[in-house]
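Hi,

Here is the structure I promised to pass on. My notes follow below it.

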Amino acid sequence: MMYNNIDFNKKTILITGGAGFIGSNLAFYFQENFPYSKIIVFDCFRSDEIFPNGNLKSFGHCKNLIGFKGDIICGNINNQADLALLSDYKFDFIFHHAAISDTRVYNQEIIMKTNVNSFYDLLAITKKDGAVMVYASSGATYGNLPSPQTVGKESPVNPYGFSKYIMDQIATRYSKENPDLTIVGLRFFNVYGPREYYKANTSSMVIQLGHQILDGKIPRLFKGSDQIFRDFIYIDDVLQACIKACDPKQNGSYNVATGIPRSFQEIADILQNELNTNLGTEYFPNPYDGYQMNTQADISNTKENLGFKPKFSLEKGIKAYIPEILRLHGTDISWLICKTKLLKF
């Protein structure tokens, strides 16, 4: 699907974090829609290293790139020698998604070095090449502020959210100093969809609950999950925002979400409806203090300045995701088709 009039054929495109969730989807978007574009994926790929919270330090996975035909550079954005490998190219577009994105990593030094210091380096490449820069910011910049979350009203509560908040400040200043450059930050909210599987424990509750249900287990939710809301957005709408951000009416930070909050309970119910199960729900106490109970992005500026219009409701997004959830679980989709037919009689 074409989201704007930009012809990316014969353009050189860098995707940092290109073996991750959003990055790999971007890589295949360009490969499938603009076969004459030159796509370079830069990613450190995963290792066995973990943070104190037990989560992996990197999520990039080679399986996300099976079928990818572009250039792949294995490198760390914290390493100047690795970044120097990019000097062989002149980029037209840079999509910067490499980051530590785990909101429960509290080592401020490693987050600031990885997310903030490296951003200066990527902006320097942007300026040198005269490229368009579209980078991943986050809804975490708002912290626990009440909804709707609105650009210009930020209050991050963890190092990750703070690092993205600082990146947005750097981008604003850099845009003013370099008015001819296009620099856009996208504050993603709760993204779900294909190629997130290798995020493991940090993948969306859509796939985690989906696999619980396919295991025959009762989906488990926090108590009061019918009153816990998030602004979930399907990956195809995220791709739309990324592409439209290449030609904005003005630089800036933009929320990327649907603007419609949905409850945790609704996710479990929609999944059970799509999978034709009736397992009920098991509830357990929420272990987190100060838990955000509602996120709802104000996307009015995103619509106005990027021309963004979300296409996927939660129901439509989950329905589109079901075949991939089944495939990853190892469930033959014919099982679901057969079960659906049986339920009709």
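**Asn115 and its surroundings**

Asn115 touches Ala99, Ile100, Tyr160, Ser163, Lys164 and Met167, leaving out residues up to four places away in sequence. Contact here means heavy atoms within 4.5 Å. Asn115 sits in helix α3, residues 108-129. Helices (H or I, at least four residues) and strands (E, at least two) are DSSP runs, numbered from the N terminus. Asn115 has 1% relative accessibility, so it counts as buried. The cut-offs are under 20% relative accessible area for buried and over 50% for exposed, with partly exposed in between (1.4 Å probe, protein chains only). A polar atom of the Asn115 side chain lies 2.9 Å from the backbone nitrogen of Ile100.

Before you go on, note that this is a predicted model: local features need pLDDT of at least 70, side-chain atom pairs count only at pLDDT 80 or more, and totals for chains, interfaces and linings use all residues. Residues are numbered from 1 along each chain as its sequence is written, and side-chain values use heavy atoms, with hydrogens and water left out.

**Thr126**

Thr126 is also found in helix α3. Its relative accessibility is 0%, so Thr126 counts as buried. Beyond four places in sequence, Thr126 touches Ile94, Ala131, Met133 and Leu181. Thr126 and Asp92 are 34 residues apart in sequence, and their C-alpha atoms are 8.5 Å apart in space.

**The sheet**

Seven strands form an open sheet, in the order β3-β2-β1-β4-β5-β6-β11, with parallel pairing. The edge strands are β3 (71-74) and β11 (252-256), each pairing on one side only. Neighbouring strands of this sheet are turned by 20 degrees against each other on average, direction ignored. Two strands pair if DSSP finds at least two bridges between them. Strands β5 (residues 132-138) and β6 (residues 183-188) run parallel and are joined by six bridges. Ser137 stands opposite Arg187 in β6.

Two helices to look at here. Helix α4 (residues 159-177) packs on the sheet and touches β4 (93-96), β5, β6 and β11. The direction of α4 makes about 150 degrees with that of β5. Helix α6 (residues 235-244) packs on the sheet too, touching β4, β5, β6 and β11. The direction of α6 makes about 165 degrees with that of β6. Axes are lines fitted to C-alpha atoms, for helices over the stretch in contact, and angles run from 0 to 180 degrees between N-to-C directions.

**Helix α4**

The 19 residues of α4 should span 27 Å at 1.5 Å a residue, and the end C-alpha atoms are 27 Å apart, which agrees. The expected span is 1.5 Å times one less than the number of residues. Buried residues in α4 include Tyr160, Ser163, Lys164 and Met167. Their cover includes β4, α3, β5, β6 and β11.

**Nonpolar cores**

A nonpolar core is a set of buried Ala, Val, Leu, Ile, Met, Phe, Trp, Tyr and Cys residues joined through side-chain atoms within 4.5 Å. The largest has 72 residues; Phe8, Phe30, Phe95, Leu186, Phe188, Val238 and Leu271 have the most contacts inside it. Another core lies apart from it, with 25 residues, among them Ile94, Leu123, Ile125 and Met167.

**Tyr288**

Tyr288 is in the loop between β13 (282-284) and α8 (300-306). With a relative accessible area of 37%, Tyr288 is partly exposed. Tyr288 touches Arg104 and Phe222, not counting residues up to four places away in sequence.

Best wishes

Key
Polar contact = N/O pair within 3.5 Å; in protein donor to acceptor, adjacent residues only side chain to side chain.
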